[in-house]
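This report describes how two protein chains are arranged and how they meet. The sequence and the structure are shown below for reference.

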Amino acid sequence: MPSDSVLRLVWIYPDLLSTYGDQGNVLVLEQRARRRGIPVETVHVRSADPVPESGDIYLIGGGEDRPQILAAQRLRRDGGLHRAIARGAAMLAVCAGYQIMGSVFGGEEGQPVDGIGLLDIASGRGAGRAVGELVAETDPALGVPTLTGFENHMGVTRLGPGVRPLSRTVVGTGNGDGTEGCYAGKVVGTYLHGPALARNPGLADLLLTWATGAQPAPIDDVWFERLRQERLAATLPRA
Amino acid sequence: MSQLPLRAQLASALGRTAATLSRATGRGDGSVIGGRVGLALEPDLLRKLAQDRRLALVSATNGKTTTTRLITSALQELGDVATNAFGANMPAGHVSALSSAKDAPYGVLEVDEKYLPEVIDTTGAGVVVLMNLSRDQMDRAAEIWLLAQKWRRALAGRNTHVIANADDPLVTWGASTAPSVTWVSAGQPWKEDSWCCPECGGPLDRKGLDYVPPGGHVSGVVGPATQDENDWACRECSFRRPQPSWILDGETAIDPRGRRWPLDIQLPGRANRANAVIALATAEAFGLPVERALPRLREVTSVAGRYTTVEREGRHARLLLAKNPAGWLEAFDVLDPTLPVILSVNAQGPDGRDTSWLWDVDYRVLRGRPVYVTGERKFDLALRLEVADVPFQLMGSFAQALAAQPPGKVDVIANYTAFQQIRSEFGRAV
């Protein structure tokens with residue numbers, strides 16, 4: 001992204017996948033970019049419309065089984081997101097949106113449904129629902145502090161050799177094998193739903209770094225930090 | 001009702017005793033424990049208690065308690081009405097409500113959305129009232145499309161008359177398997193859960209209203225929508241809004257004969273005018289004409305503490321309950337824009353332990369007025385307001401927030417347990 005131009009955020013299918021405050025991720029990215037003087041333009045792409053290829057950061061959220069299947073079908077047919085990622089755009093995929101990025105995920109009755117193949121992962125249905133606060137230690141290579149958030153899903157996700165785990169869980173279920181989320185290139189996926197970036201401004205800044213090619217300047221994070229500290233203290237077992 | 005078999009009579013009586021004990025020992029209002037005791041002794045008690053009564057079941061995501069109260073007030077024109085006035089909306093609460101008014105020929109029961117199919121089946125209720133469905137407490141509640149699908153199955157082929165909000169596509173879909181439906185245009189300010197067709201998944205089009213992104217329902221002023229804006233149709237299949245026979249038009253109800261009735265109710269806000277029109281349509285299904293029902297609706301001033309005012313040292317705080325994004329949107333419509341507002345949010349079990357819904361609420365409408373933030377999840381709310389550029393002050397408790405006000409009026413919006421905490425500290429006056 002050239003330094004004088006606008007940061008383009010593309011929110012994919014809020015009409016299908018925006019069940020858990022997913023708008024929060026868009027709002028946090030907008031706010032953190034603007035506070036650094038970066039102008040932002042956000043496009044909401046409804047599922048009947050084509051996905052533009054010219055975005056800098058793409059976001060896709062969580063949702064119910066049926067909209068998840070519809071979203072996967074439409075993204076495959078549309079192809080815009082694939083072209084954008086091939087071009088080097090960044091993406092945050094959350095929960096149902098995360099599962100869609102893989103080769104396969106579990107449908108309404110647990111049947112395998114084809115994903116869109118942007119991440120080397122395969123998901124299915126777990127035995128029970130994972131609901132609750134999650135804490136995970138992030139891959140040190142990313143320079144992002146401890147992840148905190150809320151998960152609510154039945155998915156189990158197996159990571160292939162083409163991706164790295166985003167984090168290792170301390171509290172919570174995540175992918176189901178002691179890891180939570182994954183990343184490859186500039187694409188990151190997570191089960192931390194809804195406002196994952198509100199709880200993890202470091203992850204928001206990682207996406208901004210990927211999109212702008214520069215480390216964003218420090219900003220006043222007092223309210224982000226107070227929420228993080230309160231949630232981590234409430235969730236982590238007492239020493 | 002006096003024809004209950006001996007076992008059911010005994011179960012019902014013991015349940016009432018347990019309820020009385022619960023109240024006397026200060027453990028609760030008794031509406032759940034009494035029903036549990038009764039159900040444990042006689043599992044078929046609800047069916048037996050429901051027999052030989054004319055029953056209406058009321059379900060929705062928002063407005064259940066208030067609408068139940070409005071319909072109850074109206075039907076009292078006709079005779080005694082059994083009702084679960086305190087929101088105990090699962091089968092134990094229904095048993096308790098019906099056994100404490102054994103001889104009432106009418107019953108109006110608020111029913112939890114998930115339990116509705118079971119309660120329809122058990123009670124064989126003649127009338128079912130469905131208002132709205134939207135995202136709510138996703139960490140424990142069922143997904144709403146699945147809920148609507150269960151409603152469809154429960155209503156199919158059953159001799160039940162449904163009163164339903166035609167402006168809510170998911171409610172319309174949930175109700176449309178019923179053999180007879182009275183469609184009411186009661187409005188739907190919160191549209192974020194219905195941009196897609198519940199029947200086929202295609203895009204829903206709304207006349208005169210392009211797609212509004214979530215959070216883009218700006219202004220927060222839920223002014224009267226035009227009939228065109230309430231209309232919707234699927235672009236890809238034949239599913240579309242049915243023609244409503246009752247219409248909420250601003251402050252006025254229009255009945256099926258086209259007569260206009262200024263509502264003039266005391267409960268504030270658009271959502272309550274919507275609840276009132278639904279109540280009028282339900283009353284008519286019981287044979288009660290508008291001219292007799294409407295004066296009864298106008299007598300209702302506060303429902304289970306909602307809209308009531310608590311006072312301490314000259315500060316008069318009006319309490320509004322909002323449990324989910326659609327509820328907050330309707331609560332903003334009730335706020336007095338000249339007053340400061342105190343917001344209190346918890347995330348206990350009944351609230352849902354997940355606060356991510358805060359990001360679905362458009363708080364920008366609060367810019368320009370003093371905002372005070374409290375509650376067990378005040379940091380979640382504080383960050384949400386910070387990102388929305390809404391200045392606020394963080395307070396350690398509701399009492400502190402109230403004491404920080406100049407003497408006079410203040411509005412309060414709280415979610416469920418935060419609201420109950422304020423009521424128990426400042427009095428449960430209804």
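## The interface and selected contacts

Between chain B and chain A an area of about 3400 Å² is buried, and carbon and sulfur atoms give 56% of that area. The structure is a predicted model. Chain B contributes 39 residues to the contact and chain A contributes 40 residues.

Several kinds of interaction cross this interface. Three salt bridges are found between chain B and chain A. In a salt bridge between Arg377(B) and Glu133(A), the closest N and O atoms are 4.0 Å apart.

Which elements of chain B each supply at least two residues of the side that touches chain A? They are helix H7 (144-155), strand E7 (204-206) and helix H13 (378-387). The largest share comes from H13(B), with seven residues. By residue type, the side of chain B that touches chain A divides into 20 nonpolar, 15 charged and four polar residues.

Chain B is also described by its domains. The domain assignment gives domain 1 (45-298) and domain 2 (309-426) in chain B. The centres of these two domains of chain B, taken over C-alpha atoms, are separated by 27 Å.

Over all chains, the search of the whole structure finds 37 salt bridges. One of them joins the side chains of Glu53(A) and Arg83(A), with a distance of 2.7 Å from N to O. Glu53(A) lies in the loop between strand E2 (40-45) and strand E3 (57-60) of chain A, while Arg83(A) lies in helix H3 (residues 80-86) of chain A, so the pair ties together parts that are 30 residues apart in sequence.

| Salt bridge | N to O distance |
|---|---|
| Arg377(B) and Glu133(A) | 4.0 Å |
| Glu53(A) and Arg83(A) | 2.7 Å |

In the pair of Trp328(B) and Phe332(B), the ring centres are 6.0 Å apart and the planes are at 75°, so the pair is edge-to-face. Both Trp328(B) and Phe332(B) belong to helix H12 (residues 325-334) of chain B, where they are four residues apart, about one turn of the helix.

Terms used:
Residues numbered from 1 in each chain as written. Chains lettered and ligands numbered in written order. Predicted model: local features only at pLDDT ≥ 70, side-chain atom pairs only at ≥ 80, totals over all residues. Heavy atoms only, no water. Domains from an automatic or database assignment. Contact = heavy atoms within 4.5 Å. Buried area = accessible area lost by both parts, 1.4 Å probe. Nonpolar A, V, L, I, M, F, W, Y, C, P; charged D, E, K, R; others polar. Phe/Tyr/Trp six-rings, centres within 6.5 Å; stacked < 30°, edge-to-face > 60°.
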